[in-house]
Amino acid sequence: VTNLKYWGRCEPVISRTLQFLNDLSISPESLTPITYILLKKLVKIDAVKFMLKNHTSEHFPFLGISDSYSLSDFRCRTTFYTALTRLLMVDLGEDEDEFENFMLPLTVSFETVLQIFNNNFKQGDVKRMLIGLARDLRGIAFALNTKTSYTMLFDWMYPTYLPILQRTVERWYGEPACTTPILKLMAELMQNRSQRLNFDVSSPNGILLFREASKMICTYGNQILSLGSLSKDQIYPMKLKGISICYSALKSALCGNYVSFGVFKLYGDNHFDNVLQAFVKMLLSVSHSDLLQYRKLSQSYYPLLECLTQDHMSFITNLEPPVLLYVLTSISEGLTTLDTVVSSSCCTSLDYIVTYLFKHIAKEGKKPLRCREATQAGQRLLHFMQQNPDVLQQMMSVLMNTIVFEDCRNQWSVSRPLLGLILLNEKYFSELRASLINSQPPPKQEVLAQCFRNLMEGVEQNLSTKNRDRFTQNLSVFRRDVAEALRTDGSTELCSLDMMS
């Protein structure tokens, strides 16, 4: 506490002190009976009680907004409030008054911002105050992992203070130092960690939270695209970083199981449609090479796409052909990346798309009235694939190359879409098979032909779980046997299965 009070301008001292405090506070997920007893003793220390009641810049200068502090120094505030909130949670229970008292310094700051936001004010000070508040709140939100505590925070923020953050993004969208902390706070609020976003059945909070996130993502997305073209050294900090955070927030919302998205269409609420359109606009402003070059962007985009293909195929099938082609091309290019998070998400997304298409074709002959809308969506996707047959063929080629020639780290993930691709385009699969067999010397050709026969042995013309599992088992044996067959003394060159070239 002495360090934090008197070394506020020495970043190394503050950051190491806060890291130690953070380690002492211990995340609730890692508590054992012994550590819990120690934590109970820790919160009874006078120094800890002092921090919990006096976390203001008067006592801890590093919480101030003076010009003498650089904006990067504000990052330590997130760690401080994470540790402080964990300590608060030890004895908090359901005491809303105690929580309100803890939040009082932040309440005063927000009320100050509210009063001066529309008046003639010194922009620098307000900006710094809002950046600090966003970082403080992110630390608090990160530490609240129970339904009760998270609900307290949400009730404190909504509806009074979230709109202030929205206006901040709208006003200073071109300043990442200001927008990034706010977008990261929103992404943290959308995380349903430990099922903390489990609101009561009569509560609209899940939908209200999503609406606020939708507004912020749409505001940021629309504004950031107005910046026009940026130089190579500016494009990530000025644009792509913010887009990646928006994608992470949207992915958390789509996969969090606390919003029934059908409600929006039922009641004519366009927030869900708006945020999906914002996703498309931001995506089309990013090149395929940038999607894969920037790791944080790829690790937010591809898991988001996985969520969309899993639960929102109607949105995917309604995309304009150029947009759908962009999405499918991004999947195709992501399949070959060394990042297993990305390649596995690509495989899963492709599997959902292929399964959707396969089921539509299987039902083509029988079109009951109740399925008309779904049939039309499937027909749109089928028509697109018929117009662009090389899209799925290229991906089949990529997956077969991965299995045969590369060190495939996620073989199970690769096997799932591959079966659907084979069943949808058996002719092209035969050409791939012939290409590999004919590329080898005669003694090996029969061995390879037998490997391919074994691959499809016992595999039926459907995508049931049992059939998929059988194919996955066969593929494991196939990969081992083909590797053995292609093992050479160096006189034979291996040929890639790239039929598209």
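In which loop does asparagine 257 lie? Asparagine 257 is placed in the loop between helix 13 (232–255) and helix 14 (262–266); helices here are DSSP runs of H or I with at least four residues, strands are runs of E with at least two, and both are numbered from the N terminus. The model is predicted, so that local features require pLDDT of at least 70 and side-chain atom pairs pLDDT 80 or more, while totals for chains, interfaces and linings use all residues. Residues are numbered from 1 along each chain as its sequence is written, and side-chain values use heavy atoms, with hydrogens and water left out.

The overall architecture comes first. The chain has 26 helices and zero strands. Its C-alpha trace spans about 85 × 55 × 45 Å along the principal axes. Of its 501 residues, 50% count as buried, where buried means under 20% relative accessible area, exposed means over 50%, and partly exposed lies in between, for a 1.4 Å probe and protein chains only. Among the contacts with a separation of 6 or more, 75% are between residues 24 or more positions apart; contact denotes heavy atoms within 4.5 Å.

Asparagine 257 is not a glycine, yet its phi is positive, at about 60°. With a relative accessible area of 73%, asparagine 257 is exposed. Serine 194 likewise has a positive phi, near 55°, in a residue other than glycine. This serine belongs to the loop between helix 11 and helix 12, and its relative accessible area of 46% makes serine 194 partly exposed. In the loop between helix 9 and helix 10 lies proline 159, and the peptide bond that leads from tyrosine 158 to proline 159 is cis, with omega near 10°.

The discussion now turns to helix 10 and helix 11. Helix 10 (residues 162–171) has as its buried residues Leu162, Ile164, Leu165, Gln166, Thr168 and Val169. Their cover includes helix 7 (104–116), helix 8 (123–143), helix 9 (147–157), helix 11 and helix 12 (205–224). Helix 11 (residues 176–189) contains glutamate 188. Is glutamate 188 buried or exposed? Its relative accessible area is 9%, and glutamate 188 is therefore buried. Leaving aside residues up to four places away in sequence, glutamate 188 touches Arg138, Ala141, Phe142, Arg193 and Arg196.

Aromatic residues supply another view of the fold. A pair of aromatic rings is described by the distance of the centres and the angle of the planes. Here, rings of Phe, Tyr and Trp (its six-membered ring) pair if their centres lie within 6.5 Å; planes under 30 degrees apart count as stacked, over 60 as edge-to-face and the rest as tilted. Across the whole structure, a search finds 26 aromatic pairs. In one of them, phenylalanine 279 and tyrosine 301 have ring centres 6.4 Å apart and planes at 15°, so the pair is stacked. This pair links distant parts of the chain, with phenylalanine 279 in helix 15 (residues 271–284) and tyrosine 301 in helix 17 (residues 295–311), 22 residues apart. Phenylalanine 279 is buried at a relative accessible area of 3%, and tyrosine 301 counts as buried at 0% relative accessibility.

Phenylalanine 429 and phenylalanine 452 form an edge-to-face pair, with 6.0 Å centre to centre and 65° between the planes. They too link distant parts of the chain, phenylalanine 429 being in helix 24 and phenylalanine 452 in helix 25, 23 residues apart. Phenylalanine 429 is buried, with a relative accessible area of 4%, and phenylalanine 452 is buried at 2% relative accessibility. Elsewhere, Phe50, Phe60, Phe62, Phe80, Tyr81 and Phe102 form one aromatic cluster.

The axes of helix 24 (residues 426–438) and helix 25 (residues 442–455) come within 9 Å and cross at roughly 150°. Axes are lines fitted to C-alpha atoms, for helices over the stretch in contact, and angles run from 0 to 180 degrees between N-to-C directions. The two helices are therefore roughly antiparallel to each other, given that angles under 35 degrees count as roughly parallel, over 145 as roughly antiparallel, 65 to 115 as roughly perpendicular and the rest as oblique. On the helix 24 side, Phe429, Arg433, Leu436, Ile437 and Asn438 meet Gln445, Leu448, Ala449, Phe452 and Leu455 of helix 25.
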